[in-house]
Amino acid sequence: MAADPSSSSAVAMPPIAKAVDAYRKAVATAATATAYVVLARGMARELLPHDLRAAASWAASLLRTRLEPLPAERRTLVIKRASGSSHHHDDGGLYDEARQYLATRIDPHSMRRLCLSGGVYGAKKVLSMEHGDSMTDVFEGVRFTWASVAGEGRHGPSSESLELSFDAEHTDMALGRYVPFITATVEEARRHDRELVIFMNEGSHWHGIEHHHPATFDTLAMDPQLKRSVIADLDRFLKRRDYYRRIGKAWKRGYLLYGPPGTGKSSLVAAIANYLRFNLYDLDLSEVRGNTALQRLLNGMSNRSILVIEDIDCCFSAATREDGKDQAGDGASDDSSEEENTPDPWDTQQQQHNITLSGLLNFIDGLWSTSGEERIIVFTTNYKDRLDPALLRPGRMDMHVYMGYCGWEAFKTLAHNYFLVDDHPTFPAIQELLSAVEVTPAEVSEMLLRSEDADAALQGVVKFLGEKKQATGEGN
Ligand SMILES: Nc1ncnc2c1ncn2[C@@H]1O[C@H](COP(=O)(O)OP(=O)(O)OP(=O)(O)O)[C@@H](O)[C@H]1O
């Protein structure tokens, strides 16, 4: 049977011929499509009036703009390294602030290369970008790009800079909020890391030593609710700079800590200093020779500090109370009338200088309202009932904090501090005994310190409390 030549040729068509055929078809199709477009254009030109055509083209371009937004205009802020500053010392310029800030924001996983510096003489190690690298930071939902640019030419490293880029529409925010935020964050971190100092007065000068008191609010044994309210009060105080400015008052807060000896008043002062990272100024009034010296001392205090006057009841006896009135009949205990009979040199001197406790407070108010910022003043006393009533008046000291005998919650804090123990077979007995006897946290701490073994120490506490209860019962 003879083969069909056409079918045989189709089957036998070589690949090149196939491609040529496909190309021919494509050209024909394109020509047809182009012809249609040309025809449609021509018809539109013929049929649509000019204005309508212009409107259609404007709408089309608008649609295109909407669908493909143009890249936003960018703005770049160049932060140059201050000449003379070194990598090892932070001079406080914006360049150093930005570097320190970026060290806390840098994501080591997202960077190809990283610089690690510091560590000299125990200094903190800091991560930073390599020159030529960049990173992004998001603030209030806006992306900021940071680039590290190498110093050029003979100026070398001193012409290094950081470049901050952002969409131009966020310029006000970058300058008005982001840059101040960076400064505030770095200041906060520096404050947190700084060594604290406790100053004591010698004549009219302060003499400072490093303050390493370990007390914190976590280690402080006190009523948990009271502890929370002190912390909340401190937090509120820190946030109220503008409020104090607005009402024209000194930005200060006064705390009166009172309670028996050994209940943690000094520990609370240390915990406040550690919490706020404020330096302490422990003022011994008996060392102060008159108004001028006092003024010099108060003026010599730095901002963000705590002025402490311990045992305030001993500094001002009834003879120097407000208005200089003899207040022996005001309910003060017998001890104070004893003091009146034997005036100490400070009293005599204060009478000469006519300083009363409320006078001192007014003096401090006046001085700090013009010069001081973020000051805390703490008075401590074992005998609140001996204090000048002027000091106890509402508004005088902002918060009165009673540091009392060791309660159950306070005891649990101590047991946790010393032995990391949160439960123990002796606890029920201790809880019961604590509700029956008055014992100070200092006494309990001392018992807990007697042994390194938790069982032995806690048994010791039970024995001590039992004996105390018995003695109290016999005494009654
Ligand atoms: N509330 C407390 N929490 C934790 N530890 C305390 C507490 N109270 C006392 N201590 C322990 O007892 C020691 C002495 O306490 P602290 O000096 O703070 O008491 P104080 O009330 O200031 O006494 P004083 O009135 O005699 O100055 C502290 O160093 C601490 O070890």
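**A helix pair and an open sheet**

1. Let's start with two helices: α15 and α17 are roughly parallel to each other, because the angle between them, about 30°, falls under the 35 degrees that count as roughly parallel. Please keep in mind as you look around that this is a predicted model.

2. To find the pair, look for α15 at residues 408-419 and α17 at residues 441-449; their axes lie 10 Å apart. The crossing in which α15 passes α17 is right-handed.

3. Which residues of α15 and α17 meet? From α15 come Ala410, Phe411, Leu414 and Tyr418, and on the α17 side they meet Pro441, Val444, Ser445 and Leu448. Sorted by class, this contact has seven nonpolar residues and one polar residue, with no charged residues.

4. Next, the sheet. Seven strands make up an open sheet with mixed pairing, and their order is β8-β7-β10-β11-β12-β9-β13. At the edges you will find β8 (205-210) and β13 (399-402), each of which pairs on one side only. From one strand to the next, the twist averages 25°.

5. A word on how such sheets are held together: strands pair through backbone hydrogen bonds, and the pairing can be parallel or antiparallel.

Methods
Residues numbered from 1 in each chain as written. Predicted model: local features only at pLDDT ≥ 70, side-chain atom pairs only at ≥ 80, totals over all residues. Axes fitted to C-alpha atoms, helices over the stretch in contact; angles between N-to-C directions. Helix = DSSP H or I, 4+ residues; strand = E, 2+ residues; numbered from the N terminus. Parallel < 35°, antiparallel > 145°, perpendicular 65-115°, else oblique. Left-handed = near helix turned anticlockwise from the far one by under 90°. Contact = placed C-beta atoms within 7 Å. Nonpolar A, V, L, I, M, F, W, Y, C, P; charged D, E, K, R; others polar. Pairing = 2+ DSSP bridges.
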